[in-house]
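Subject: Structure handed over, with notes on its salt bridges

Dear colleague,

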Amino acid sequence: MARPCRMLAWGAGAVLVGYVALCALLYLQQRRLIYYPQFTRVNAAQTDFALARQDVVLRGWVVNPGRRDALLYFGGNAESVEGNREAFTRALPSHTVYLVAYRGYGASDGEPTETQLLADALALHDDIAKRHAGGQVAVAGRSLGSGVATFVAAERRVPALVLVTPFDSLAAVAQAHYPMFPVGLLLRDRYDSAARLPRHQGRLLVLRAGQDQVVPPARTDRLLKALGRPAQVVEFPAAGHDDLSLDPAYWSAIGDFLATGGD
């Protein structure tokens, strides 16, 4: 009887060691699971906008230059933001749109972390606000970018905020994808939008994908609940996380919201 018990104990110990090793691997590699800048890199000569920070230069693109009002757009975790130039040109002719790559993305220097991306986002907003001193600056963010955009809207006066497939917190999304691991203890970059969004005093548009397998719709619903007041929500019940913007109603919703008193 003793031998089977020892075998069970050894087996349980091996499982525990393996589990702890997987937790350690997730902790050490977590930013590689959050950020995918390798799919977005371009040469700096291809960009037409730059903002020098203390340690890096952020680079991107400007759409519809010279307009009174502006929109600052933050993309997803593997999004090449310049791919939106043509769509924004058509959908938002009344605004100058700034598509600036996160640090480590596109032609921007550095490596992405939550602390750095949020600080960069405020610097970008403040720089663009100076460039459009006679107008107003709206902010939009998609997926990961919704966490960045929400932070800016909590820290600055943002008259109109657009969130595409947003989440309440990255920790909650990660926990949904890795239910067997203590994500709350492991995650460093948390993007806690549910705690920040109530500080936004302007208007809010949320675009919600009903078949989203990346950001579960329940996470979007929890964010809206945390807001504590009505928001404009446009539902795309048949859309997934990545194909939402293929629906013409996506661009119409953003354009109408910003062009009709949204900012």
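Predicted model: local features only at pLDDT ≥ 70, side-chain atom pairs only at ≥ 80, totals over all residues.

Residues are numbered from 1 along each chain as its sequence is written, and side-chain values use heavy atoms, with hydrogens and water left out.

The structure holds 14 salt bridges (a side-chain nitrogen of Lys or Arg within 4 Å of a carboxyl oxygen of Asp or Glu). One of them joins Asp 109 to Arg 59, with the closest N and O atoms 3.2 Å apart; because Asp 109 sits in the loop between β4 (95–100) and α3 (114–131) and Arg 59 in strand β2 (residues 57–63), this pair ties together parts that are 50 residues apart in sequence. Helices (H or I, at least four residues) and strands (E, at least two) are DSSP runs, numbered from the N terminus. Arg 59, at 18% relative accessibility, counts as buried, whereas Asp 109, at 30%, counts as partly exposed (buried means under 20% relative accessible area, exposed over 50%, partly exposed in between, with a 1.4 Å probe and protein chains only).

Glu 235 and Arg 208 also meet through their side chains in a salt bridge, at 3.0 Å from N to O, and this pair links strand β8 (residues 232–236), which holds Glu 235, with strand β7, which holds Arg 208, 27 residues apart. Finally, Arg 53, Asp 55, Arg 103 and Asp 120 are linked in a network of salt bridges.

Best regards
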